[in-house]
Amino acid sequence: MYQALSHFLFTDKEELFQNVLTQVAEQFSRAFKINELKTEVTNRLAMLEKRVELEGMKVVEIEKCRNDIKKLRVEMASRNNSTFLEDTKKLTPRRDVPSYPKYMLSQQTIDALKKPAFDIWLWEANEYHLSKETVEALRFPTFDSWQWEPNEMLSCLEHMYHDLGLVKDFNINPITLKRWLLCIHDNYRNNPFHNFRHCFCVTQMMYSMICLCSLQEKFTQVDILILMTAAVCHDLDHPGFNNTYQINARTELAVRYNDISPLENHHCAVAFQIFSQPDCNIFSNFDPEAFKQIRQGTITLILATDMARHGEILDSFKQKVDNFDYTDEEHVTCLKMVLIKCCDISNEVRPMEVAEPWVDCLLEEYFMQV
């Protein structure tokens, strides 16, 4: 009986001890969970503080850039007797349309409109064409692209290919040209800066340089075709994040192109994916050797728009410029690279009211990747 009582007491103490241990373990568990929660809350607060700090820096940096631009404008105005806008002056209010007529109706349409039998169901967009004023304005760097809608810019690009004789000389199907340009438009993203309007501005500047500098007297028509086509395609499917971002973030493009001009290589690839579609291939009448020349020339120019190569290209051009030879293919290629580079950053030579809105677009896109 004594032994049974001892066993009972021992068992009871053991259970009590186990209960105490369990309670202590639970207390420790709660304590650790509280510590984990504290750590999680602290980390989240730190992340929020950092995010607030970065967002604040974005605002500060943007404002700083704008202030710097204002100071630069004031300084340039003082040096040039107010040739540039002073800080106290405001830009002329934007016009939705240019002061000249954009389009002209064909003579057949004008005659038909005078008759009661005019059938609006048979009237098509090709019954009108760019006005003489528009055609003239397109030849100058002062052309204001902000006054034109995307479909109107497409018409202007189409006119450039016809006016330079490219459609006729290379037997380009006019309908294929239209389809190609529409496909080009669809493959530019809606970025603040690198968008279809930027594509148009670069191409229009190339067109104006060809016209004003009489480049058709110096270059072959193949060279002119390469210059125009490279300008149209030079930023296709731009994601809005520059090469530095692509490389640092180890994006798919950076990995695919081994950190070597990932964006420019991508623009080239998209361009020739579009040309691979029969309905959009404006080079369909070229023989394989001629197409190879066009392809290589276009790729060379698009790759030249990578600003990381600016010094290299400029140094090469400086070595050739004093003894430039238009019969030397290497010299001509170097000049074409410089031309597309100039067009790519040509907003600065346009009138202030045309150039300035691009500054805000550029800043907005730049700070999206910070």
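**A binding site and its aromatic surroundings**

Reader: Which residues does His-234 touch, not counting residues up to four places away in sequence?

Author: This is a predicted model. His-234 is found in the loop between α8 and α9. Two other histidines are among the residues that His-234 touches, His-198 and His-267.

Reader: Is His-234 buried or exposed?

Author: Buried means under 20% relative accessible area. The relative accessible area of His-234 is 0%, so His-234 is buried.

Reader: Where does UniProt place the feature "binding site"?

Author: The feature comes from an unreviewed UniProt entry. The listed residues span 147 residues in sequence, yet no two of their C-alpha atoms are more than 10.0 Å apart, so they gather at one spot. UniProt places the feature at His-198, His-234, Asp-235 and Asp-344.

Reader: In which helix is His-198 found?

Author: His-198 counts as buried, at 2% relative accessibility. Leaving aside neighbours within four places in sequence, its contacts include His-234, Asp-235 and Asp-344. Phe-193 and Trp-358 are also in contact with His-198. The helix that holds His-198 is α7, residues 196-212.

Reader: What is the length of the polar contact between the side chains of Asp-235 and His-234?

Author: Asp-235 is found in the loop between α8 (221-233) and α9 (243-248). Asp-235 is buried, with a relative accessible area of 6%. Beyond four places in sequence, Asp-235 is in contact with Tyr-188, His-194, His-198, His-267 and Asp-344. The polar contact that joins the side chains of Asp-235 and His-234 is 2.9 Å.

Reader: The charged end of which residue sits over the ring of Phe-272?

Author: Phe-272 belongs to one aromatic cluster with Tyr-161, Phe-170, Trp-180, Phe-275, Phe-283, Phe-286 and Phe-291. A charged end sits over the Phe-272 ring, 4.7 Å from its centre. The residue is Arg-295.

Reader: What lies over the face of Trp-148?

Author: Look 4.6 Å from the centre of the Trp-148 ring. The residue there is Lys-102.

Technical notes:
Residues are numbered from 1 along each chain as its sequence is written. This is a predicted model: local features need pLDDT of at least 70, side-chain atom pairs count only at pLDDT 80 or more; totals for chains, interfaces and linings use all residues. Side-chain values use heavy atoms; hydrogens and water are left out. Rings of Phe, Tyr and Trp (its six-membered ring) pair if their centres lie within 6.5 Å; planes under 30 degrees apart count as stacked, over 60 as edge-to-face and the rest as tilted. A charge sits over a ring if NZ of Lys or CZ of Arg is within 6 Å of the ring centre and within 35 degrees of the ring normal. Helices (H or I, at least four residues) and strands (E, at least two) are DSSP runs, numbered from the N terminus. Buried means under 20% relative accessible area, exposed over 50%, partly exposed in between (1.4 Å probe, protein chains only). Contact means heavy atoms within 4.5 Å. A polar contact is a pair of N or O atoms within 3.5 Å; within protein, one must be able to donate a hydrogen and the other to accept it, and residues adjacent in sequence count only if both atoms are side-chain atoms. UniProt positions are given in the numbering used here, feature names are shortened, and annotations may be inferred rather than shown by experiment.
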